[in-house]
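Please look over the structure below before reading the report. The notes after it are meant to be read with the chains on screen.

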Amino acid sequence: MGNKQTIFTAQQLDAYQVSDHVYSILFYRYRDLAPQLVPLDYTNNPDVKLPYELIGSMPELKDNPFRQRIAEVFSEDGEGNMTLNDFLDMFSVLSEMAPRDLKAYYAFKIYDFNNDDFICKSDLEKTLNKLTRNELTEEEVRMVCEKVLDEADLDNDGRLSLDDFQHMILRAPEFLSTFHIRI
Amino acid sequence: EELEKLKEAVEDRKKLIQGLRGKPWPMKQKLVTLRESQEFVEKYEGALGKGKGRKFYAYKVMMTKKWMKFQRDFENFKTACIPWEMKIKEIEHFGSSVASYFLFLRWMYGINMILFGLTFGLVMVPEALMGRPYGSIPRKTVPRAEEGSAMDFAVLWDFGGYAQYSVLFYGFYNNQRAIGWLKYRLPLSYFLVGVGTVAYSYMVVIRRMARNANEGGVGDDNSFNFSWKMFTSWDYLIGNPETADNKFASITTSFKEAILEEQESRKDDNIHLTRFLRVLANFLVLCCLAGSGYLIYFVVRRSQKFTLDGLENHSWWERNEVNMVMSLLGMFCPMLFDVISALENYHPRVALQWQLGRIFALFLGNLYTFIIALMDEINVKSQREEEKIVKYNITMWEGSLYNGTLSENNTAAPITVHPADVPRGPCWETMVGQEFVRLIISDTMTTYITLLIGDFLRAVLVRFLNYCWCWDLEAGFPSYSEFDVSGNVLGLIFNQGMIMGAFYAPCLPALNVLRLHVSMYLQCWAVMCCNVPQERVFKASGSNNFYMAMLLVILFLSTLPAIYTIVSIPPSFDCGPF
């Protein structure tokens, strides 16, 4: 597997606070996506970005309807092109070790398609259509979105703020187990 | 003052470093903050040490650093040690519900390993090493009458013959208070290990339940129904297209159902018909349960009559009737319940809970009828009379031996009688132990055979006959089988309940460990090779307190008979450590 010390300095290892084992696995997965672009030696923090197409084709992500949003949320440039730091960030938030609040925060950003810090009706419609692959009729979609706003919109402004979303999602029994990717 | 402020600042930075993981900052920002904080802490920590206790402070800091490094290494080591981690990761691509079953299996395996360690190390090994060896005293030897057939495979498979007179069963153990050069108190240890296994099982289950209760949110809350459906129904673990397709389909169906329910909750028609049908369905289910209970009781009594006649006079079916009947009931009754529940017209999730509850009642009823029938056999009165008869026989027999040497009054030469010739008393504990062991073995065999036939053979047939069959086998009737998570979890739970009969057969935990080990590999293979992902995905896992509660109930209910027998029925005089 190679000596970890040659890839990163000891301090960099300390910084990430995941177990070393998981850390090397993540690095090698990142590198496997494009071996010619990613160097083996990261001690000088090279500036390498992998395009979204490579990230979206990973087996863990390729069947996920939200993969584009996930990549956009975690990437620095907001387009889905990820550096190693972004990559590590993404998998550490989606791992089972991440705290609930952190996951809720990032889930909110993922489902906020237009990036306006609120989940509005159009965001809800897009989410639902991605989930059902457009199989529901317009009437049904409209009804579901109204029900969701009914249930979760506490300040009654017609859209979900981060607080509304967190209040709702932290009570969900299945949130932690579904919002989880293992690598 | 200034030193205090500096100390506080260092503590704050340290807290920041610890909490950095939970902050939703991008990685770059975290790295920068981390580097700054670490430099700050290093620079000033040294300075803080000036004045009193500097050396001690520096020492404390160094020890904390070393301790943290040790903890990290230990964590790494622990994660590398977890068995079957890779296998479960592969299964997780099928979705979290199937993987949850295997996680549960692994947890049970851990518990059983510990139980096995206890019984093996503290009871079986001391007796085998330090107790009187085989053949030295009557209770440890095969009686002369049975000696001829003691090595036969058929007898051994039934756990008679040499297997019966070995450390595997209760009857072998001597009632000597302390054995060997260690003065090991075997009877005490036997009893304590029995109590210990029960206590340990309870403790583990309750601890798990407490942990789940802390983590989980409210289970049955319906106030966020649609929101949760929208935001938590996609399983991010899914990594294969087939499962993804199924998941999309099931999400769509689930939404459509919820919408329908929402619309229909405005109108409730014909509630009387529904109520009547539900009462009728429950009545039918009760009839089934009563019928199966009676059948088992009848079969157990019949098998006791057969043993009295001597086993050789009966066919294989008649010898194994009890186990076969119980396994078959366990297979067919749930299907019957499924059909009956079509009358009830419940929401699928509610229907599943009813189904699970009924299967639970079925297994429980079967287990209890089995135990009660056994109890009837150990009927105290007949036991006492038999013991009296045997004791009388023994005194007569001894008298006849001494008669020849009565002429020499004082020097009574020790009479060497081969232990196999001594008349033996009845030993109901070993019999009970044997019944449990046979039950577990036949249950295991049935499970594996159903797996092979129901899943593997079916998949092979569907795949190859599809080319030359009139209708589409894959989409239509047989098709591939799904992995029934809840059924399998229930099976595991009941298996564990049966192990509680281990007081009379110390070999049960060992058997169970073996069984779970094989199950893991066999079921993993079956899931990956022959099963398709479930269409309706309902979660069933250890994190759900429903299954933990069932496990607790089973543990409690299966220790009841053991306790009852220990308390009320006197132990055999010729058998075992008491």
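## Chain B overall

The model is predicted. Chain B has 19 helices and zero strands. Of its 578 residues, 43% count as buried.

The accessible surface of chain B is about 31400 Å², and carbon and sulfur atoms account for 64% of that area. Taking the contacts in chain B between residues at least 6 apart in sequence, 78% are between residues at least 24 apart.

## The contact between chains B and A

Interface size can be stated as an area: it is often given as the accessible area lost when the parts come together. For chain B and chain A this buried area is about 5500 Å², with 59% of it on carbon and sulfur atoms. Chain B contributes 55 residues to the contact and chain A contributes 65 residues.

Eleven residue pairs are in polar contact across the interface of chain B and chain A, counting pairs with both residues at pLDDT 80 or more. Six helices of chain B each supply at least two residues to the side that touches chain A: α1 (2–19), α2 (27–48), α3 (54–81), α4 (85–92), α9 (225–232) and α10 (241–264). The helix that gives the most is α10(B), with eleven residues. Sorted by class, the side of chain B that touches chain A holds 24 nonpolar, 15 polar and 16 charged residues.

## The salt bridge across the interface

How many salt bridges are counted between chain B and chain A? The count is one. The partners are the side chains of B:D245 and A:R133, with an N to O distance of 3.1 Å.

B:D245 counts as partly exposed because its relative accessibility is 38%, a value between the limits of 20% for buried and 50% for exposed. A:R133, at 42% relative accessibility, is also classed as partly exposed.

## Salt bridges within chain A

Over all chains, the structure holds twelve salt bridges. One pair in chain A is A:K62 and A:D63, whose side chains meet at 3.4 Å, N to O. Are these residues buried or partly exposed? A:K62 has 36% relative accessibility and so counts as partly exposed, whereas A:D63, at 13%, counts as buried.

Another salt bridge links A:R142 to A:E146, with the closest N and O atoms 3.0 Å apart. Both residues belong to helix α9 of chain A and are four residues apart, about one turn of the helix. A:R142 is partly exposed at 34% relative accessibility, and A:E146 is partly exposed at 37%. Through shared partners, salt bridges join A:E139, A:R142 and A:E146 into one network.

## A covered helix in chain A

Helix α6 of chain A spans residues 84–94 and is mostly covered, with ten of its eleven residues buried. Which residues of α6(A) are buried? They are A:L84, A:N85, A:D86, A:F87, A:L88, A:D89, A:M90, A:F91, A:V93 and A:L94.

Conventions
Residues numbered from 1 in each chain as written. Chains lettered and ligands numbered in written order. Predicted model: local features only at pLDDT ≥ 70, side-chain atom pairs only at ≥ 80, totals over all residues. Heavy atoms only, no water. Buried < 20%, exposed > 50% of the residue type's maximum accessible area, 1.4 Å probe, protein only. Contact = heavy atoms within 4.5 Å. Areas by Shrake-Rupley, 256 points an atom, 1.4 Å probe, with all protein chains shown as cover. Buried area = accessible area lost by both parts, 1.4 Å probe. Salt bridge = Lys/Arg side-chain N within 4 Å of Asp/Glu carboxyl O. Polar contact = N/O pair within 3.5 Å; in protein donor to acceptor, adjacent residues only side chain to side chain. Nonpolar A, V, L, I, M, F, W, Y, C, P; charged D, E, K, R; others polar.
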